[in-house]
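Please open the structure in your viewer and keep the sequence panel beside it, so that each selection can be followed in both.

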Amino acid sequence: MIRLSRALLALIAAAAAGGAGAADLSLNLEIPNLPVAEYHRPYVAIWVESPEQTIAANLAVWYQLRGDHTKWLPDLRQWWRRGGRDLKVPVDGLTGATRPVGQHILKFDAAAPPLATLAPGKYTLVVEAVREVGGREAVRIPFEWPIKAARREAVQGTTELGAVALTLNP
Amino acid sequence: MKNFYGKLALALMACAPGACLAARAWILPSQTIVARAGGWVTFDAANSDDLFSFNQAAMPIDQLRVTAPDGQAVTPQNVATAKTRSSFDLELRTAGTYRVAVAGDSVMARWEEEGKPKRWRGLPAEMAANIPATAAKLEVEQAQRRVEAFVTVGAPTELKSSGVGIELVPHTHPNDLYVGEAAKFRFLLDGKPAPNLTVEVIAGGTRYRDSPQAMVLKTDKDGMVSVTWPASGFYWLDALVEDEKATVPNVRKRRATYNATLEVLPQ
């Protein structure tokens, strides 16, 4: 079984490498399992921040879709002030439902929206999470655009987020 | 309106003659940043020295005016005045910034009648009917006040000034304040920049500390003031001008006051 998984992984890696020229930015994000009496999945916003702290590209916004719960979006405080408040949700390809505890992988093609229009420069990837009757946390990973070399940078969240890793594939 | 004078009279009786500084006046919103139109925000309005504990006296809100983002007046609902606070609800029908203000003029008069001290406080229009022409040692003062708070639905929008009394003109929007960042405001007096004006900024929760820890600021030549927020929470702004530029006919002395409640968010 282990051998099979390894083989499968190698196959996937080969397939990914095979897509030459398709630079991408991928994100591994852990929503931690929290030992609390009342648990709600966190609202999460993921965006690329410019040096002026404006939103250069919105990557994902997860909030409770069932019922009308956009009321709580300002609790994603930084995202809201930096540009979330100018957005009319839902946004196709950006907003989605909250996600459960565990590992989540997001992949963005450098040549497709929203990254295609990103000007060369220094940016910061921001992941902000806020949970009902829980806390709020934001983690930041700086990177340069366009992607010149393969790079992986990871940070560890402490409360609302687990490990967050940014992988850049040129 | 009768109620209004009644309360003013009561408030006046409570303080020593000549030193009648009212308790701190404030309007506290239940929320200052709202995601979308269609919801409600509730306000408390009180005069109390403790910020923001309604433990002293309700603020009379006869002069309450709510201005919607488009400049139109909005009628507050469920308006009630209890013993220690007034409260009202505001329906947020459009996106943008709402200004919630208790603002207006009143006149305070002191005189002697047959050797006895008399006083009256009320609206400028009713001055003639209430102050006898024969009043001796008559002293009249105009009280021009503005007590306000701001609520924004979605993105903040521009706030227009009225050109009356002391006003705050945002350079930094009052619903865009964060810990550790400097906020800049311009103060106007009668629509013109107010240089050298003392502005006090006090964080809420005064009951839970020994000193008010007021930040005392002074406006520059352009009426600008900059404040860097040390912590998140609600803050109270206080400014006062005493001069002889009363706008009510036959009155010289004026006492213009400005108070705002601002919410500062964590980073």
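In strand 3 of chain B, which residue is the bridge partner of Ile27(B)? Select Ile27(B) and follow the pairing across to strand 3, where the partner is Ala45(B). Bear in mind during the tour that this is a predicted model, with an ipTM of 0.82 and a pTM of 0.87.

Now widen the selection to strand 1 of chain B, residues 25-29, together with strand 3 of chain B, residues 40-47, and you will have a pair that runs antiparallel over five bridges.

Then colour chain B by confidence: the average pLDDT is 91, and 92% of the residues score at least 70. Select residues 9-20 of chain B, however, and you find a stretch in which pLDDT stays under 50 and for which the model has six contacts beyond four places in sequence. Where pLDDT is low, the predicted coordinates should not be read in detail.

Finally, show both chains and select the residues where they touch, namely eight of chain A in contact with nine of chain B. On the chain A side, these comprise five charged, two nonpolar and one polar residue.

Definitions and conventions: Residues numbered from 1 in each chain as written. Chains lettered and ligands numbered in written order. Predicted model: local features only at pLDDT ≥ 70, side-chain atom pairs only at ≥ 80, totals over all residues. Contact = placed C-beta atoms within 7 Å. Nonpolar A, V, L, I, M, F, W, Y, C, P; charged D, E, K, R; others polar. Pairing = 2+ DSSP bridges. Helix = DSSP H or I, 4+ residues; strand = E, 2+ residues; numbered from the N terminus. pLDDT = per-residue confidence, 0-100.
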